[in-house]
Amino acid sequence: MGAIGELFKKNIRQYGMIIALIFISIFFQILTDGILLKPLNVTNLILQNSYILVLAIGMVLVIITGHIDLSVGSVAAFIGAFSAIMMVDMQMNPVLAVILSLLMGALVGAWQGFWVAYIKIPAFIVTLAGMLLFRGLTMIVLNGQSIAPFPKSFQKISSGFIPDLFNGSTMHVLTLVIGVLLSTLVVYQEFKTRKIQAKYGFEQSSVWLSFAKSAALVLVINAFTFVLAQYNGIPNILVILLVLIAIYSFVMNRMTMGRHIYALGGNEKAAGLSGVKTKRVTFWVFVNMGVLAALSGLVFAARLNSATPKAGTNFELDAIAACFIGGASASGGIGTVIGAIIGGLVMGVMNNGMSLVGLGVDWQQGIKGLVLLLAVGFDIYNKSKTS
Amino acid sequence: MKGITKTFPGVKALSNVNLKVKEGEIHALCGENGAGKSTLMKVLSGVYPHGNYDGDILYKGQVCQFKDIKDSESLGIVIIHQELALIPYLSISENIFLGNEQAKRGVINWNETTVKTRGLLQTVGLKESPFTQVSTIGVGKQQLVEIAKALSKEVKLLILDEPTAALNEDDSENLLELILELKKQGISSIIISHKLNEIEKIADSVTILRDGQTIQTLDMKKDQVTEDVIIKGMVGRDLTNRYPERTPEIGETIFEVRNWNVYHPTQQDRKMLNNINMNIRRGEVVGIAGLMGAGRTELAMSVFGRSYGKRISGQVFMHGKEVHLTDINKAMEHGLAYVTEDRKHYGLILIDDIKRNISLSSLKKLSKYGVINENEEVLVAEEYRRKLNIKSPSILQKTVNLSGGNQQKVVLSKWIYTGPDILILDEPTRGIDVGAKYEIYSIINQLASEGKGVLVISSELPEILGMCDRIYIMNEGHISGEVDRQDATQEILMKYMTRSRG
């Protein structure tokens, strides 16, 4: 019993938000008489939050380096407008337009990264300027009006689903198959890690714990795909999201680049004197943020099927909140991609749940603010207790 | 203080400690890092409020129950922490009366503040205007401002935590004189210091702590206390030799700097280093002595990937070939390593664990296509933890929780693992207790015997004399002398260190 308690205590910070997410989901599931987790609504949840989650991935990197990016909402709007000009007005091939849009995002990121990394202007100021600048550019480009409609193939980014190769009648069979494949991957990974650990002669957690962990993950994955399969299956955007999460988690946890980002945020001077190219890393983190903001803008434009001057308003605040709820530290050096995603989902489920029970936007805003404050307060309380 | 016991979650920091300070005396408190000196002083000054510890504080026979620092200050007990608590962008007078403003109903009387500040500055012997911004004066003077601040609170018992740790010899001397002067005015002091010669010089009695317990209290005169007696009490054993033995095997020159000139990074015309020539040979431990501001750290940093200074000119040779170390990565590739002076700010990622700190400079070695082999990383960290005797429960311990000595071993591990030919160690034993110092010295000797060249920058002359085969002395940005081990004495070094040019 003591061992389990110890384990729980040690991991409370890591799993705290997951547990909170589960509780919030259950809470609204009951409050909405089961509408929250209906296949249609779960699909909706993903579509509604996808563009914030994309931003949160980039934002958490920026926050880990000890900076902030206030401009992402404006940048998303600007890229949405930029892509609309190319696809709607100029009738350009959507694939080419998407590539050019992402490159434009990289350029925007490079612009801001240059000022932050090399001229050493605080990111708060650079991106505050960027927020105004790119909002202004959006309005200029759009002439203050919306542009629509986008080509069908482009809309598929946000509204499409992966095709069912098996032609299931009531269920989306490919979705279920993917669930099973992912499960096998999870179990295989767990065993592979154990084998390597054994090879190096490291201490290992008990087999039972490994087993329980894999079992829980397999259960969650398959429950999730089962729910999705009852509607239209896996949305395209979910595939994009999962790929992004996997790539960025890998980079941050396993690659030198990620290690340099954490070191830079933890202590810039020490990192610099240890051979980390601090300016270059900062610069690229902002370029990356620009690309992801562009992607977010494209996803949003595709979902709305129009580019509007007001698109992306307050996106930056949601993305930043997601990171902090997910355990990132405002002083840098601490945070995870998964954490930011969980944080984003906490916000998303609350938004969705509160809308379903018919709470007004006014109340929603206030409650979200309190949740952000409490989540970070809880985190800080925990840290002060352990140290 | 009687029978003080203070526990933190999991550790007993103080157990039944007794400390008795007589009125009007200077009482030294000695002990290794982690012995509980600072904790004891925090209890005394009310940082840890009453009820947080067991035992009694008796002040002039009265039992005191301090709720916070204000309580203890009202009785005239003032603590000056090792890290100075001044606000850099406020003036001297604003700092002195911070929290104690000369005000009526919240409106500050600046004239009175200025007049009082002038008086206080005169007492501590600081010739600065009360309006000078604190960030523009040196650490030595800031220390005096802190003391003036304490005096403004009508201090009766002054507690100084490592007051001279960051000061050069001159400033230290001044400060010690001032403490003696205050004693004449009836102010008692408790001084925590690692510099035993200072204690010998000014203290009337000394209390030694070890592992959270009082070992002994000695009267400096009656008991004829010497440094050796104090050290024995601190470490619990005789340290017959404070510097480990080594027979140098010196080979060919592997590192050389020629005609090295460096200008100040922001003040374009200020020449910080002037025509420096120096070399290090295989298996040799070379020292650089000098006063603070002589340009020792600037030399090390400007050579190490030009991390300091502008308009750098001159040549660097490794193994006889000229190299251009234009950034830190190039310096590392050519076999240079630099262990910084201030490990907390420039050496470690404090929020990261031991493992990640050790591997940080060598991630290339541990990775393939940018993917880190984390299992190798663990093995490497474990190896260095064992080799350098880093005392911690595991390599996943965050470095912020380690003692100074162990932090330094982590930084050393990081740089040794990069496989350098030349290691530059800037104040490698600053703020480290006697036992750990010995271990660091042994590591330095080990490195030299492996054929590496080691450059030791140190402000402690006995350390330079005890460790180095050859010593360069710097003064005002140039090398004012070079002496071999057998010819070197403190007097000779001091002479070169203070000799003015021209």
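This report describes the interface between chain A and chain B in a predicted model, and then turns to its cysteines.

## Extent of the interface

The contact between the two chains draws on 26 residues from chain A and 33 residues from chain B. Together, chain A and chain B bury about 2,500 Å² between them, and 59% of this area lies on carbon and sulfur atoms.

## Polar and charged pairs

Between chain A and chain B the count of salt bridges is 3. One of them joins B:E374 to A:R254, where the closest N and O atoms are 3.5 Å apart.

## The chain A side

On the side of chain A that touches chain B, the elements that give two or more residues are α7 (173-200), α9 (236-254), α10 (256-266) and α11 (268-273) of chain A. Of the elements on this side, α10(A) gives the most, with 6 residues. Sorted by residue class, the side of chain A that touches chain B divides into 12 nonpolar, 10 polar and 4 charged residues.

## Cysteines

A search of the whole structure, taken over all chains, finds 0 disulfides.

How values were computed: Residues numbered from 1 in each chain as written. Chains lettered and ligands numbered in written order. Predicted model: local features only at pLDDT ≥ 70, side-chain atom pairs only at ≥ 80, totals over all residues. Heavy atoms only, no water. Contact = heavy atoms within 4.5 Å. Buried area = accessible area lost by both parts, 1.4 Å probe. Salt bridge = Lys/Arg side-chain N within 4 Å of Asp/Glu carboxyl O. Helix = DSSP H or I, 4+ residues; strand = E, 2+ residues; numbered from the N terminus. Nonpolar A, V, L, I, M, F, W, Y, C, P; charged D, E, K, R; others polar. Disulfide = S-S within 2.5 Å.
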